[in-house]
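This report goes through a protein structure piece by piece. Keep the sequence and the 3D view at hand while reading.

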Amino acid sequence: MTSPIKLYRNPKSGHCHRVELMMSLLDVPYETVDLDMANGAHKAPEYLQISPLGQVPAIDDDGTTLSDSNGILAYLVSRYGSDDWIGTTPVEKAEIQRWLSIAAGEIASGPAAARLVTVFGAGLDHEAAKTKAHGLFKVMETALDGKTFLVGERLTIADVAGYSYVAHAPEGGVSLDAYPNIQSWLARIEALPKFVGMAKSPIPNAA
């Protein structure tokens with residue numbers, strides 16, 4: 001690497017945060033570029049060359065440009081990490097892929113969507129998103145019973161992909177009080193030496 005990776009982001013985006021967290025855990029030098037999305041910076045022609053869908057995050061790693069947070073995670077650990085992050089057995093690989101699908105599916109439509117309403121004023125069905133979030137959290141609570149991380153006893157990209165929006169679910173009005181296993185899992189991630197947090201937003205009355 002000849003220069004720090006550029007991370008194009010919105011500092012309150014969990015999708016962006018998971019990439020920043022991954023780079024920090026891998027001890028990869030990076031610099032953040034905060035896009036003025038309110039004024040359309042993510043739709044500017046030069047940015048669309050990096051992220052064709054006009055979404056954040058995107059990275060520029062010495063001329064290699066990528067968008068999509070989960071795709072970026074896979075790239076980062078393949079280039080700068082080890083197979084431990086993405087699974088070393090067929091079952092581990094499959095389990096990690098399942099949680100990446102959940103990050104792009106149920107997490108996005110549940111806690112992430114609920115937070116889009118309260119933090120960004122998105123015109124989504126808040127109650128439906130909160131209901132989805134609690135349905136997901138019940139599954140996660142069971143999955144984490146007796147386990148240190150989502151896929152066994154070591155941290156993988158499954159945990160990195162899942163952390164940000166789950167940790168910040170209360171900002172979307174979704175309480176984590178009923179999920180002690182999830183709270184313990186979040187605390188273990190936050191205790192990691194190279195952990196970096198996401199910008200906090202006000203917490204409304206969570207339910």
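Helix H7 covers residues 126-143 in this predicted model.

Which residues of H7 are buried? They are His 126, Ala 129, Lys 130, Ala 133, His 134, Leu 136, Phe 137, Met 140, Glu 141 and Ala 143. An α-helix has 3.6 residues a turn, so residues three or four places apart point the same way. The elements that cover the buried residues of H7 include H4, helix H5 (106-109), H6, H8 and H9.

The buried residues of H3 are Ser 69, Asn 70, Ile 72, Leu 73, Tyr 75, Leu 76 and Val 77. Their cover includes both strands and helices: strand S1 (5-9), strand S3 (58-61) and strand S4 (64-67), together with H1, H4 and H8.

Ser 69 of the buried set in H3 can be set against Glu 46, a residue of helix H2 (residues 45-48). The two residues are 23 places apart in sequence, and their C-alpha atoms are 19 Å apart in space. Glu 46 has a relative accessible area of 55%, and because this is over 50% it is classed as exposed.

The loop between H3 and H4 holds Thr 89. A polar atom of the Thr 89 side chain lies 3.1 Å from the backbone nitrogen of Glu 92. Is Thr 89 buried, partly exposed or exposed? Its relative accessible area is 33%, so Thr 89 is partly exposed.

| Pocket | Volume | Lining by class |
|---|---|---|
| Largest pocket | about 720 Å³ | 14 nonpolar, ten polar, five charged residues |
| Second largest pocket | about 190 Å³ | six nonpolar, three polar, three charged residues |

The largest pocket has a volume of about 720 Å³. It is lined by 29 residues, of which Ser 13, His 15, Gln 55, Val 56 and Tyr 165 are the closest to its centre. Two or more lining residues come from each of helix H1 (14-25), helix H3 (69-80), helix H4 (90-104) and helix H6 (111-120). H6 contributes the most, with five residues.

The second largest pocket has among its lining residues Tyr 163, His 168, Glu 171, Met 198 and Lys 200. His 168 sits in the loop between helix H8 (157-167) and helix H9 (180-190). Is His 168 buried or exposed? It has a relative accessible area of 5%, and because this is under 20% it is buried. The side chains of His 168 and Glu 171 make a polar contact at 2.8 Å. With neighbours within four places in sequence left aside, His 168 is in contact with Arg 115, Met 198, Ala 199 and Lys 200.

Notes: Residues are numbered from 1 along each chain as its sequence is written. This is a predicted model: local features need pLDDT of at least 70, side-chain atom pairs count only at pLDDT 80 or more; totals for chains, interfaces and linings use all residues. Side-chain values use heavy atoms; hydrogens and water are left out. On a 1 Å grid over the protein atoms alone, a cavity is a set of points where a 1.4 Å probe fits but cannot get out, and a pocket is an open set with protein on both sides within 12 Å along at least five of seven lines; lining residues have an atom within 4 Å of a point. Grid points are joined across faces, edges and corners, and a volume is the space filled by probe spheres set on the points. Helices (H or I, at least four residues) and strands (E, at least two) are DSSP runs, numbered from the N terminus. Ala, Val, Leu, Ile, Met, Phe, Trp, Tyr, Cys and Pro count as nonpolar, Asp, Glu, Lys and Arg as charged, and the others, Gly among them, as polar. Buried means under 20% relative accessible area, exposed over 50%, partly exposed in between (1.4 Å probe, protein chains only). A polar contact is a pair of N or O atoms within 3.5 Å; within protein, one must be able to donate a hydrogen and the other to accept it, and residues adjacent in sequence count only if both atoms are side-chain atoms. Contact means heavy atoms within 4.5 Å. The expected span of a helix is 1.5 Å times one less than its number of residues.
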